[in-house]
Amino acid sequence: MKYKYTYSVMDMLMADPVKPMSDENKTHQLTRIWGGLHALEQDPNPSYDDWQVVSDALNMMETLIEMGWAKDPDGLIEEAVQALAIAGQRHIDKQVPIRLDGAGIHVIRGLIEDYSEAISELPERTMISCHRKTEKRVQDILAGRV
């Protein structure tokens, strides 16, 4: 089965090479991400979608780091990924709501703030390229190619 990307190559080529994405698209993404984090922090029963949207944001941030558009000198991305993995595993093993611990909340919140800054400043084309690279990397991982 062939994976269908969120953005096509044509979307990427037609995206603005200088200006950030539109406020509407940026607001849509960030509202979903912050909502997912809020749910993992406070909702009585956060959903898998809440966990997934936060995971997607961290994956995008990891790709921005790999592309050289962001820096992570303290290795916080690894801590954040570990915090999400622990929350997911605890949910599966103990049948409890998907919940982040305090340290996980702190590091993930910081990385989402960094992502918010990146999406507000980087060119739309860069962000779409990042999105495509992230989707490819995740699909490769899920298919066992990495």
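Val138 counts as partly exposed because its relative accessibility is 24% (buried means under 20% relative accessible area, exposed over 50%, partly exposed in between, with a 1.4 Å probe and protein chains only). This residue lies in helix 6; helices are DSSP runs of H or I with at least four residues, numbered from the N terminus. The C-alpha atoms of Val138 and Pro44 are separated by 29 Å, and the two residues are 94 apart along the chain.

Thr126 also lies in helix 6. With a relative accessible area of 11%, Thr126 is buried. Leaving aside residues up to four places away in sequence, Thr126 touches Met67 and Trp69, where contact means heavy atoms within 4.5 Å.

## Basis of the model

This is a predicted model, in which local features need pLDDT of at least 70 and side-chain atom pairs count only at pLDDT 80 or more, while totals for chains, interfaces and linings use all residues. Residues are numbered from 1 along each chain as its sequence is written, and side-chain values use heavy atoms, with hydrogens and water left out.

## Helix 5

Helix 5 covers residues 102-121, 20 residues in total. From first C-alpha to last it reaches 29 Å, close to the expected 28 Å (1.5 Å times one less than the number of residues).

The buried residues of helix 5 include Gly104, Val107, Leu111 and Tyr115. Its buried residues pack against helix 2 (23-42), helix 3 (48-66), helix 4 (76-94) and helix 6 (124-142).

## Met14 in helix 1

Met14 lies in helix 1, residues 9-14. Met14 counts as exposed, at 65% relative accessibility.

How values were computed. Helix = DSSP H or I, 4+ residues; strand = E, 2+ residues; numbered from the N terminus.
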